[in-house]
Structure formats: C-alpha cells, structure tokens
Amino acid sequence: MGAAEWAAQESEEWAGVSPDAARRLVSAAVEAFAERGYHATTTRDIAGRAGMSPAALYIHYKTKEELLYRISGIGHEKALHIMGAAAEAAGSATERLRDAVRTFARWHAEHHTTARVIQYELQALSDVHYAEIADLRRRTDRLLRQIIQDGADSGEFRVGDVPGTTLAVLSLCVDVARWFSADGPRTPDEVGALYADLVLRMVGAPPV
C-alpha cells in the first residue's frame, strides 16, 4: 500500500466529523501533531495544511487543545469499541484474547499517525479533558483485564498477575504506532496476527 493510500485510510477515521471544514482541520491537526509534536505546532500550521485561514479555524475549534481533545476522543472511543466487541463475543477466553489483540494491534498499525498522537500527546490535554480520556482508557483496560481474568479462572491461561499482564499487552499493542511504517516489511494484518500469537504465548494459552 502506497503513502497516498495510507493517507486516505487515515482520513477515513474522521468521516463522522462534520462539517467538511471541521473534518479537514482534524485531519490536518493529526498530521501536524504527528510530524512536529503538539507543542511545536501552531494553529497557523494546522489551518495552512487544511487550506484555510487561521481565523477560519476558530469558527470550529476555540483552541488547539480542543482539536487534540476531539482527536483523542474519537481515537479512544474506537479503541474501546474494538476491545468491547472482542470481550462480548462468543468463544473461549483464548479466542477472545486473540481477536482483541489482533484487532487492537492492527488498528494501531493501520492508523499509526492518529494512534501516535492520541497515545503520546495526552499530557497536553486540559485537566478536565484528560480526565475524560483517562476514563475511556480505564474502561478499555477493564475489558481486556476481564478477558485475561476469564482465561486465568478457566485454566486456559497461566497468569499470576492479571493487572500486570493486562498492562503489558496494552503497552505492546500501543507501541505499534511508534514504530510502524507504511514502507515497512509488514502489513497491518501481519502485525495483528504476529502480536496475537505473541500474546497467547505470553499467557500460556493452548493452540487455537
């Protein structure tokens, strides 16, 4: 998949943002934050990438931080949805953990630019906005933790520290956004499959 196709896939993440000008600003902000970092990016940078004037940005977003909050909210809601679908699916704990990790890691590869921003710029959020995003992260953590706990309780997993294992699995998947490259040797599907296999081995799950 070429760079243009990756960019198009990233922009699809914001399909629910409207009107079109607001969506263009969100997409431009993601690119700028990922490339320059939140603090080094100005509203003029974002507006310029979106083909708009700085004044036009303030019609849709009052501050740069509000843009980051919007981006973070959408990204973390998607992560929660991915984990929730796996947690609520039928099947053994092994099957649910495999599907959760495969999908979660794949998303961080497919949307690595967005994921890099939402995972590594959290501290720039206001206290109120940070608290809201932190709650989404805790809910995602609880869903994965329950899957691992189910596996430990059923004897499928050999896990002595469920909270610690949950943290390790989440960290492994999230870190995909840091190193993944569209020009690299692995596709998102391959990354998802690899990480699912690694995590099942980590918890001592039986072959699926």
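Guide: A nonpolar core is a set of buried Ala, Val, Leu, Ile, Met, Phe, Trp, Tyr and Cys residues joined through side-chain atoms within 4.5 Å. Keep in mind that this model is predicted, so local features need pLDDT of at least 70, side-chain atom pairs count only at pLDDT 80 or more, and totals for chains, interfaces and linings use all residues. Residues are numbered from 1 along each chain as its sequence is written, and side-chain values use heavy atoms, with hydrogens and water left out.

Visitor: Which residues have the most contacts inside the largest nonpolar core?

Guide: Ile46, Ile71 and Leu97 do, in a core of 65 residues. Helix α5 gives the most to this core, with ten residues. In soluble globular proteins, nonpolar side chains tend to be buried together.

Visitor: Why is histidine 76 called buried?

Guide: Buried means under 20% relative accessible area, exposed over 50%, and partly exposed in between (1.4 Å probe, protein chains only). Histidine 76 has 4%, so it's buried.

Visitor: And why is arginine 49 called partly exposed?

Guide: Its relative accessibility is 34%, so arginine 49 counts as partly exposed. You'll find arginine 49 in helix α3, residues 43-49.

Visitor: What joins the side chains of histidine 76 and arginine 137?

Guide: A polar contact of 2.9 Å. The term means a pair of N or O atoms within 3.5 Å; within protein, one must be able to donate a hydrogen and the other to accept it, and residues adjacent in sequence count only if both atoms are side-chain atoms.

Visitor: Which residues does histidine 76 touch?

Guide: Contact means heavy atoms within 4.5 Å. Not counting residues up to four places away in sequence, histidine 76 touches Ile118, Gln119, Leu122, Ile133, Leu136 and Arg137.

Visitor: How do you know that the span of helix α8 agrees with what it should be?

Guide: The expected span is 1.5 Å times one less than the number of residues. Helix α8 (residues 127-154) has 28 residues and should span 40 Å; its end C-alpha atoms are 40 Å apart, so that agrees.

Visitor: What do the buried residues of α8 pack against?

Guide: They pack against α5, α6 (93-110) and α9 (162-174). Ile133, Leu136 and Leu144 are among the buried residues in α8.

Definitions and conventions: Helices (H or I, at least four residues) and strands (E, at least two) are DSSP runs, numbered from the N terminus.
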